[in-house]
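Work through the exercises below with the sequence and the model open. Each task is followed by a solution in steps.

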Amino acid sequence: MNRTSFFAMMGLSILAAFVLVACGANPAESTDGDSNGPGTDCSTNADCVSPTTNMTCNAAAAKCIDQGLCENDEQCAAWYGEGAACAASGLCGGGSPDGDRDGDGDVVDGDSGDGDTPVEGCEDFTGLYSGDFCGAAEDAYIVIDWINCTIQIVHGDEQMAGTVLGDEVTIASPSACEGERGQDRKVRLTCGDCQITLTPKSPNADQLGKIQVQPAELRFGAVYPGEPRQQEVVVSNLGEGDLTITSLFFTSETHEWFHFANPADWQLPKVLASGDDEMLVIEFDPDEEIATEGLAVILSDAQNTPIVRIKMSTSLKAVPRIEVDPIAVPFGSAPLGFENEKFFLVKSTGGATAQVVNIAMEDDQNGAFMLESFDTVNFEAKPPFDLESSFAKPVYLKFAPKQGVHEEGKTYTGRAKVVWINKDSAEETIFVDLIGKVVALSPPCLDVQPLGGWINFGGMGEVPGPGVKFGYSQIGVPTEREVTIHNCGDQPLTISNLTWQNIIFDNPPFTARAFFERPGAFQNYTLQRGETIYITISFLPPNEGLLYSSGFLFNTNATRFAWQPPNSPPPDPTMPVTVGVSGVGARRGIEVLPSKLDFGVVTIDCCSRPEELNIYNIGDLELVITEVKIGAGSDERFEVLGLPPLPIKLGGEGNPQSFSFEVKFCAEKEGPAEGRVEITSNDANGQFIVPLKGGGTTVTHQRDEFRQATHPMVDILWVIDCSGSMSEEQEKVADQTNYFVNEAVTWNADMHLALTSCDITSAAGHKGLMRGNPPVLANRGTGSLSTSQIISEFNSKVSGLGNGCDGGAQEAGLEAGHLALSEPLASNENKGFMRDDAKLAIIMVSDEEDQSVADVPFFIDFFRSLKGMRNVNMLEIYAIVGDAPSGCSVGSGDQGSSAAAGKRYISVADACNPHDDKHFYSICSEDYHPVFESLSENLFALRNQFFLSRLADPETIVVTVDGRTVDNWEYDEETNSIVFPEDEPPDPGATVVVEYDTLCLQ
């Protein structure tokens, strides 16, 4: 790392360390797992550091005292710095009720009513139980340490200890038992031949004793070996009768260094008369300094609570500590008269600020090793100085052997020292070993980074050595990479004749180069020992999906290349060094599905169903979503739900391809409402906008009227592989066109027919464009053609697929279908193909697997969104591809052909045809007539599903067809539609009326 980079990194670290969050604006809030609970009279930093007698507000003071650093608020404020006590401690608020482990102030932990995240741990079923111990009846106490998931069962003078995992209970001592806690709350254990059953019971209401324990939590702070610390607990009887203490112990997970300091005062059973107090002293006497916690337990016959748990904790005191990294600095080799520079870090690893008083050479080997001058501006370590906890400073040193003083070939070892003040105010010294070897001057050596290799002529194969691989780079946007050229020898290195290779060796050949050097970078250089130059190369790919490669050359006087093995022959000085550059044109692409949301009309004071939006990255490059919100000027009745924390990275290594959230509309007044969801990302196109529509009404009864088409409407898009291997399959499709079109006539269909290819990389004529003129063939309406014209035109489109086809660079039928049916093509070149009331059919034909960039789930959601995510009967997708999982073949020998498995195509067809199993056909079939026959039956049928305009109450739905009430229908709640049997759709031209009362959602 160079010094500039190191100082920049250190500066950022220090700045980050001083960014302090102010005392919470709403201190009454807390989340599950907090240890402080709701704040008390603490809303500003000034409140946090103000003196209070009980310190319930000042959590910084509590932490400070825990660590043994101060005894009151004033000392704690001085320690952390006025105005920053709350922020520095990371805590702000008062204590929480005894047993309130989630900090919400409720008596019952783990409840779902506070809206907090549940606390991790075990279910706490501590309590009094009536027990059946192998036939003997005896009351028992169960004590759960919910943090450590341990259990203790106390009955009489006996104690059983074990663990809890979910409902399972395991006892390890004094004997092995296994069992569970059932839904009836009983604990059942099997101990060999013995059965134990424990049944929850309430404290005896006849008992008059009531127990109070103060405090309920003991904080011992920092305790050092040989300096035990005691804490006192007052146990009181607030009842009208006697209170009997039956047992006193620590839970099994509590450290053995906790013990009761006054056992003589607590001979059990111990009886406290009404109004009596007794002091219980607990001591922590460690053998080493540790941070731990535990529970002391008091069992009694108290009417209010027979089990009291006292939480105990200790902490580590924040003490200064200095370490160095590394403890030995290898300088490598240097010739006489030259020098090598290295550094080590002085690191503050204790919890408190440390003072460094001196950094010096202990043994410099007659000046071979030396400290550099200290530079305080760049945060270097100039003593004396204070170093805050978790911070570090660099110390720079040199190994500089001198002529006449040091010997060539000899290794020298020296020492530097760092002196600092420890917690006992005494000086401690850390030594850093220094190692360097004196060597003879080495000849010039060339080191070039990176070593990505370079691609041979025409993109054929790779040659090892220097090279930059840009990978996928955004088309139309320059991407820069640095090539470093370094002298790894001692004598001067020359770099000359920097130039690009002949363009005929580039890939693609005979096209404009996509790589550029920064102006002025290609000149002659002389590099001294250890010197480096940086050559910046830009990659500006004009097209997506194409591999681009080139290389620049230079001559050098180097006698060794660092990337070659040590025993390699010296390089030929007449042969130039080649640094390869390569990359692929790509894009990051944000797409949101569905692309718009219409919530329809909603009854006032009611809400719509939440509608899901999915954000996808459909490109090769990483996409970062930074903000999702309802846009400015939108109606306030739209609301975003379930949005995950941002930013989110999509695509790229290790990232998901998509994420989802929901949008809801709640009607508060009559009339239309409009809005938009704004999605901000690093996509080159800026914000992505999803339009929102809705409306409010007071009408709660709805009447929807539909008219069955006289002619079944269907829009059919063929997506056919145009590569050379597909000629026979294209002929099979053309052979059946006559039958297919005539079937549409027989069914009286109103058909749109279009064709595009799987090629998305050709410069023109493909990429989702519908082929031919006109691009859409229609048999009815404006611009309709006769049956013979449609057959002729469609066959012409099929036979001309190979014109301008890339022939297999990236055969991506799913992406081609996506491009054909989305903007800008859908409203321009492909305009007029899709109709709102028509069924959409997409037929994919390919002998290769789909090579689209986006994942399969994106294409499933995209195609479904075209007709509405829930309107599954309005979409048909078919795959005429190779059989899964291994592909297929037809014919044999020279006359045979094969097809790769089209698993991606089949997956999309499966998902988009949930009610139909006739959507995959083998491309290896000898004859496609059965395929077309099945397609005709599915595509040209009358409509049997009608989607309601508002959410319906199923109990109120009445359906009439041509004025006659019918009952041969079902209500599909998921799609909010009326569905007739496939073989009993309403007749052509029939009027279907659906009346119903609307539902009101909140």
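**Exercise 1. A loop residue**

Where is the place of aspartate 962?

Solution. Aspartate 962 sits in the loop between β58 (958-961) and β59 (964-965); helices (H or I, at least four residues) and strands (E, at least two) are DSSP runs, numbered from the N terminus. The model is a predicted one, in which local features need pLDDT of at least 70, side-chain atom pairs count only at pLDDT 80 or more, and totals for chains, interfaces and linings use all residues. Residues are numbered from 1 along each chain as its sequence is written, and side-chain values use heavy atoms, with hydrogens and water left out. Next, take the backbone: aspartate 962 has a positive phi of about 55 degrees although it is not a glycine. Last, take the accessibility: at 54%, aspartate 962 counts as exposed (buried means under 20% relative accessible area, exposed over 50%, partly exposed in between, with a 1.4 Å probe and protein chains only).

**Exercise 2. The chain as a whole**

Describe the chain by its secondary structure, burial and contacts.

Solution. Step one: the chain has 12 helices and 62 strands. Step two: of its 1002 residues, 47% are buried. Step three: among contacts with a separation of 6 or more, 72% are between residues 24 or more positions apart, where contact means heavy atoms within 4.5 Å.

**Exercise 3. Helices α9 and α10**

Solution. Begin with α9. The buried ones are Gly813, Leu814, Glu815, Ala816, Gly817, His818 and Ala820. Their cover includes β39 (590-593), β49 (713-720), β50 (750-757), β52 (839-845), α10 (856-865) and α11 (903-912).

Turn to α10, which is mostly covered, with 8 of its 10 residues buried. Among them are Phe858, Phe859, Phe862 and Phe863. The buried residues of α10 pack against β39, β41 (611-617), α9, β52, β53 (875-881) and α11.

Now the pair. Two packed helices are described by the angle between their axes and the distance between the axes. The axes of α9 and α10 come within 11 Å and cross at roughly 30 degrees; axes are lines fitted to C-alpha atoms, for helices over the stretch in contact, and angles run from 0 to 180 degrees between N-to-C directions. The two helices are therefore roughly parallel to each other (angles under 35 degrees count as roughly parallel, over 145 as roughly antiparallel, 65 to 115 as roughly perpendicular and the rest as oblique). The crossing of α9 and α10 is left-handed; a crossing is left-handed if the near helix is turned anticlockwise from the far one by less than a right angle, and right-handed if clockwise. Leu814, Glu815, Gly817 and His818 of α9 make the contact with Phe858, Phe859, Phe862 and Phe863 of α10. By class, the residues of this contact are 5 nonpolar, 2 polar and 1 charged (Ala, Val, Leu, Ile, Met, Phe, Trp, Tyr, Cys and Pro count as nonpolar, Asp, Glu, Lys and Arg as charged, and the others, Gly among them, as polar).

**Exercise 4. Helices α7 and α12**

At what angle do the axes of helix α7 (residues 737-746) and helix α12 (residues 929-939) cross?

Solution. The axes of α7 and α12 come within 10 Å and cross at roughly 20 degrees. That makes α7 roughly parallel to α12. The crossing of α7 and α12 is right-handed. On the α7 side, the contact is made by Tyr739, Phe740 and Glu743, and on the α12 side by His929, Phe932, Glu933, Leu935, Ser936 and Leu939. The residues of the contact of α7 with α12 are 5 nonpolar, 2 polar and 2 charged.

**Exercise 5. Two residues and their contacts**

Is histidine 406 buried or exposed, and which residues does isoleucine 153 touch?

Solution. Histidine 406 is in the loop between β24 (392-399) and β25 (411-421) and is buried, at 5% relative accessible area. Not counting residues up to four places away in sequence, histidine 406 touches Leu336, Gln365, Asn366, Gly367, Ala368, Pro401, Tyr412 and Val438.

Isoleucine 153 is in strand β3 (residues 150-155) and is buried, with a relative accessible area of 0%. With residues up to four places away in sequence left out, isoleucine 153 touches Ala140, Tyr141, Ile142, Glu158, Gln159, Met160, Ile171, Leu189 and Leu198.
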